[in-house]
Amino acid sequence: MYASGKYSSRGPALIPRMKTKHRIYYITLFSVVLLGLIATGMFQFWPHSIESAADWTLDKRSVHDAPLVRLPVSSPIPERGDLSCRMHTCFDVYRCGYNPKNRIKVYIYPLQKFVDELGVPISSTGLSREYNDLLSAISDSDFYTDDVTRACLFIPSIDVLNQNSLRIRETAQALTMLPRWDKGMNHLLFNMLPGGPPDYNTALDVPRDRALLAGGGFSTWTYRQGYDVSIPVYSPLSADVELPERQPGPRRYFILSSQTAIHREYRAELERLKEENGEALLLLDKCSNLSQGVASARKRCYKGQVYDYPQILQESSFCVVLRGARLGQAALSDVLQAGCVPVILADSYILPFSEVLDWKRASVVIPEEKLSEMYTILKSIPHRQVEEMQRQARWFWEAYFSSMKAIGLTTLQIINDRIYPYAARTYEQWNNPPVVKWSSVNSPLFLPLIPPRAPGFTAVVLTYDRVESLFRVITEISKVPSLAKLLVVWNNQNKSPPEESLWPKIGVPLKVVRTKENKLSNRFFPYDEIETEAVLAIDDDIIMLTSDELQFGYEVWREFPDRLVGYPGRLHLWDHEMGKWKYESEWTNEVSMVLTGAAFYHKYFNYLYTYKMPGDIKNWVDAHMNCEDIAMNFLVANITGKAPIKVTPRKKFKCPECTAIDGLSLDQTHMVERSECINKFASVFGTMPLKVVEHRADPVLYKDDFPEKLKSFPNIGSL
Amino acid sequence: MQAKKRYLTLFSAGACLILLFCFGGIQVPLSRKGPSRRDDRSLAGYHPGARWRRFSASLQPFSPWEHDQSDSPNEHISPRQKRDANSGVYTGKRCRMESCFDFSLCQRNGFKVYVYPQQKGEKMSESYQNILSSIEGSMLYTPDPGQACLFVLSLDTLDRDQLSPQYVHNLKAKVQSLHLWNGGKNHIIFNLYSGTWPDYTEDLGFDIGLAMLAKASISTENFRPNFDVSIPLFSKDHPRTGGERGYLKHNTIPPYRKYMLVFKGKRYLTGIGSDTRNALYHVHNSEDVVLLTTCKHGKDWQKHKDARCDKDNAEYDKYDYREMLYNSTFCLVPRGRRLGSFRFLEALQAACVPVMLSNGWELPFSEIIDWNTAAVIGDERLLLQIPSTVRSIHQDKILSLRHQTQFLWEAYFNSVEKIVLTTLEIIQDRVLQHTSRSNLMWNSLPGGLFTLPQYSTYLGDFPFYYAKLGVKPYTKFTAIVHVVSPLVSQSQPVMKLLVVVAKSQYCAQVIVVWNCDKPLPAKHRWPVTSVPVIVIEGESKVISSRFLPYDTIPTDAVLSLDEDTVLSTTEVDFAFTVWQSFPDRIVGYPARSHFWDINKERWGYTSKWTNEYSMVLTGAAIYHKYYHYLYTTYLPASLKTMVDQMSNCEDILMNFLVSSVSKLPPIKVTQKKQYKETMMGQSSRASRWADPDHFAQRQTCMNKFASWFGTMPLVHSQMRLDPVLFKDQVSILRKKYRDIERL
């Protein structure tokens, strides 16, 4: 490609020099060019050593150079196409094989020009611009393979997008000439305008045996569910006209009809609606007397007034897309592009990509018979929904309608999803516009489950060398009824943990894990030793929590198993002066984080912290030896969209004697560092996932005037 | 290559470009990205001439600008005629709603279902009985065929296996003699089994005409999309209502269970259905992939037994089916005699992710359920790849598949009633088209049966999808005060209450539901407030009218109040901020509890101070407006009438309803205190709380409700939510909700 750049830049400079005396020279040059073209055609079959030049010229080769194939009159015609075909009966799945990437491989036949015995081509247009775009897009995608033996899906380069330009019988014959045709098995045809006058079939009339059809305008009777793919009718305006996205909201007109070929019965009905509802409706039609040179496709008229099409579509909340002779209408694409909500009146029409797209979120489908009730039906739709539909419509266009590339790759992805259903794209991936993808949450732990109390929790104590304090913590925690196991993470590589006999004797198993490196992330590793869902992370100096407080914390966690449930709460604030986030540990009325110095959470989050933490946060935390708790709060809030739960009243957690040592200055640098963490994490997550709440959890009878001994958790806030 | 030749090539190429330039034929893609493509190719085994590349010459568009010319409006036949023609042509196997269903029957009265009266002497299986009674108990039922849009036979069509004892003979004649049959139009026929040994065809043995089929084990070939409904195969012991919860109680991490993939079932030596099962032993490894078959079936299996039988049978007896089911990550569901099997529902309930090996089976409720989110759909042809496929599934995916099995099981499958209602709702969605559920409503909590699109088609109007859509509920509430006693003095509790509530910064509007026998008081007698106070005369003065989904509620949240409730503005504010975090639950003050009374063997109700609660009474509670709609339309008339006649228990019923939707307890905020002035001595006249029967009635209600729901939906909670600094040792000035601490 570098070659092409170089030569083309030299090109224009040569032109002005063209003078008569050089004419002979240029005649020679032209003949050289012709020779070159022939040569490049030949180079295709030459060994690779010359590819630098040959390849580039190949790109420029013309359609007219495609090899000619003459179809004998007697060549066979495929079967018409079997309506009962499904993936498991008509598709050879062995060709797709097992594939670690779960991606099908697609082969495109080289272009050939088919003519009948008299030399008349099988198609009046040959390769169309759109089909060329489509095939090029596929060949640039990672679906593509040029190795025919490895392909799972075959795409003929015979253009059948528009049936009108085809000679049906000869096209069918051409299909059977394809080297791998084999009754059309695993072949995919793209067609957008099926059928022909007078009855307009809703699927391509070309006999095609078992080939899959990606068709625009299927009806429920011709569409083979789970086999064919319903695709949009591409609108050329998509490429030609740029319509900026408009903010969703009310528009000047309520309903707009802009199609030109509406049956007179329907036009009469629309007129009647217009009479009843006046200005809210705009009924446009072809312009009868446009001056020469104006593209009639780009203008619409109402009573002599001329409107620009498709710009006018942006002025309406709803746009009518009525069936014509065909079910599929290119107008649908224009309407979506304009962010106008399509009102689709086409009975039995299989909407484009309906296998994966949820059209109820982007359109209104009304039976043709109810055309006269259209206004009432549309009026009943809530405003907020209309706005969401406008956004959704535009998103559908951008993602799936805007170019032949989008249409082609979506089709292949749908087929891909059928072959590897366990790796299929999800509903959310297909349907959520980026703005929703960004703000919505999809936690894998979405089921409202309150796990049983019995398995209890595993306490994980991270320690370095404070053995005395550690032993006090262990003794205290061991009194909690639901404690199932105690796991000490020994983070000191230079010193061995005390001998077994020296450890406090407790009623539950106690395990010591020695780590290889002194890293904070060791505290959040999903150790196999943790056999319960619930984990209590606790520091080796937290001795001020009572057994009741811990047991209550566990009970609260059971009611909120997908949240962090902890004791000391913290808050993030937006510092308007500095224009960044700030960490706050003062007595506030709000909470957005709980410290993991003492917190219950699901073991799943250990796994997430260790393997799924976005960006470099995990390493950053290990390097700075700080903020692992903030990182955990970010992670959980981001995946669940929920705030943590702070339990029990505020109090000092560390032993009173250990706090006074650190001076105020140390405290301040600490706060600055923590604030930095928040800003760093927010930028890595690309958003601020933390949620602020104003509540904390207490036992039902906390501080109630009620005999303490009858309370389940009397000893709350006492130390 | 010689330099000369290369030069020539390059030169000609360049010249060629110039030429094309001169003719203006193409735009040279100067900006096209580097040479990487070519390099890729040489690595990937490039075959000369095989690669497809873009043609850059000017090509014609596939359709001329005005392609609709041919489409010219008035040439083709009238659309009306076309529609009529369809209904004549597309019948039988090609039936669709458009051609075989009469929508006009549904237009007058909405979607109503009629069940033919049962005829004496006609034998009927228990399952079919359950189906019919589920319909008769639903809100869609009508006893009047003139109002009906859908008809259900009282002839048992569930088992059409001629060899079965349940088989009903002469069905053809019996069906034809029904005077409402009308060729089967707008009828639905339920079927679980069809065909018989050895080929088990899907023929029902009688002409169903234009009727829809709700059939188990239906194949994609016979399934008429958007017309038939594929239902799951369920056993005769399947509960009619209520239904068991899913088995999942824990989310173990890592999510793998003892076995990776299991199956235990028959291998048929004669007749169809065993091709895949015969090959299972290839994949069996007796460690984590345990696929067991037995040859023992029927009386004379010994006669047909093959070489593997003895070995297989021995291995088969070593394992227990239930043990395997509950301890496996994936469960194989291969076809049997028919495409579907009981195993499917069993695996679903056991949170064992089903691995389908039944090519051509139209999965149950495939029209609305996205099975890729709850099952692995395998291909029988690729049996040998199944172990590596399931092993490649990521841990996160396993967790979410597992959760989805549980959601789907409880939402659509765990009782006959759910299966039948889901079938009917699917058809209703087709009939009402523009007010139908979106995919998200069907496939996420709490499921389509609790999400009624007639309320709204906008997802954001429901309390369930805020997180999914990334939106928040409206930040104001509407207070609804239920008034039963006349206005006599300005110091009446209700007057104070109105002022206090209207003062809340979150209050958008106050609605007074006037359920008092006295006529409405004059406007000026109500207190002056900054927000509008609307007085609505209660419909027939029944207590349920406090839960009507009034159009005048402009907000998502409703604060429901009794006339004698005592609350402060701070308490109202705090409760509302809490509700915003839990929009699908009831958040409020007066907590109550239920318990199982062992002596009397029934549910009990208590208002005592306890360490846990399961209800928050609607005398002072915030919840989503949608629950008003559900209360009014989803609950049966029998329960609502009972509540209205007693003027009691409406709050309990609301708690039952919300908990059965959310599967979670309500949320109590802050400390217990007396909420009723009446209890503090100055009893207001005719308070229902003073009635001695009141408490006994509430016990009865609990049990009546539990029996209708088929289960006890209430869930206990041991915690309440207080303001963060509640009763903390800090200056009261630092606290946002100071008044709450004053009792």
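Which domains does the domain assignment give for chain A? The answer is domain 1 (61-228), domain 2 (235-286 + 296-401) and domain 3 (455-695), with bounds that come from an automatic or database domain assignment. This is a predicted model, in which local features need pLDDT of at least 70 and side-chain atom pairs count only at pLDDT 80 or more, while totals for chains, interfaces and linings use all residues. Residues are numbered from 1 along each chain as its sequence is written, chains are lettered from A and ligands numbered from 1 in the order in which they are written, and side-chain values use heavy atoms, with hydrogens and water left out.

**Domains 1 and 2 of chain A**

- Taken over C-alpha atoms, the centres of domain 1 and domain 2 of chain A are 31 Å apart.
- Across the boundary, 14 residues of domain 1 of chain A are in contact with eight residues of domain 2 of chain A, where contact means heavy atoms within 4.5 Å.
- The size of an interface is often given as the accessible area lost when the parts come together.
- Here the buried area is about 920 Å², and carbon and sulfur atoms give 61% of this area; the term means the accessible area (1.4 Å probe) that two parts lose on being put together, summed over both.
- On the side of domain 1 of chain A, the residues A:Tyr200, A:Gly217 and A:Tyr223 supply 41% of the area buried against domain 2 of chain A, more than any other three residues.
- Between domain 1 and domain 2 of chain A there are zero salt bridges, a salt bridge being a side-chain nitrogen of Lys or Arg within 4 Å of a carboxyl oxygen of Asp or Glu.

**Disulfides**

- A disulfide is a covalent bond between the sulfur atoms of two cysteines.
- Counting pairs of cysteine sulfur atoms within 2.5 Å, the total is 10 disulfides over all chains.
- In chain A, the sulfur atoms of A:Cys287 and A:Cys301 are 2.0 Å apart, and the link is right-handed, with 100° about the S-S bond.
- A:Cys287 lies in the loop between β9 (281-283) and β10 (299-302) of chain A and A:Cys301 in strand β10 of chain A, so this pair ties together parts that are 14 residues apart in sequence; helices (H or I, at least four residues) and strands (E, at least two) are DSSP runs, numbered from the N terminus.
- Both A:Cys287 and A:Cys301 are buried, where buried means under 20% relative accessible area, exposed over 50%, and partly exposed in between (1.4 Å probe, protein chains only).
- Also in chain A, A:Cys319 and A:Cys340 form a disulfide with sulfur atoms 2.1 Å apart.
- The torsion about the S-S bond of A:Cys319 and A:Cys340 is about 105°, so this disulfide is right-handed.
- A:Cys319 lies in strand β12 (residues 316-322) of chain A and A:Cys340 in the loop between α9 (331-337) and β13 (341-345) of chain A, so the pair ties together parts that are 21 residues apart in sequence.
- In chain B, the sulfur atoms of the disulfide between B:Cys649 and B:Cys701 are 1.9 Å apart, and the link is right-handed, with 85° about the S-S bond.
- B:Cys649 lies in the loop between α21 (637-646) and α22 (650-662) of chain B and B:Cys701 in helix α23 (residues 693-709) of chain B, so the pair ties together parts that are 52 residues apart in sequence.
- B:Cys649 and B:Cys701 are buried.

**Backbone details to look for**

- A cis peptide bond joins A:Tyr309 and A:Pro310, with omega about 5°, and A:Pro310 is in the loop between β11 (305-308) and β12 of chain A.
- Chain B has a cis peptide bond from B:Ile253 to B:Pro254, with omega near -5°.
- A:Asn186 is not a glycine, yet has a positive phi of about 60°; A:Asn186 is buried, at 0% relative accessibility.
- A:Met625 has a positive phi of about 50° although it is not a glycine, and A:Met625 is partly exposed, with a relative accessible area of 40%.

**Nonpolar cores**

- The largest nonpolar core has 102 residues, and those with the most contacts inside it are A:Ile104, A:Ile155, A:Phe190, A:Ile419 and B:Phe330; such a core is a set of buried Ala, Val, Leu, Ile, Met, Phe, Trp, Tyr and Cys residues joined through side-chain atoms within 4.5 Å.
- A second, separate core of 81 residues includes B:Met97, B:Val113, B:Leu140 and B:Ile208.
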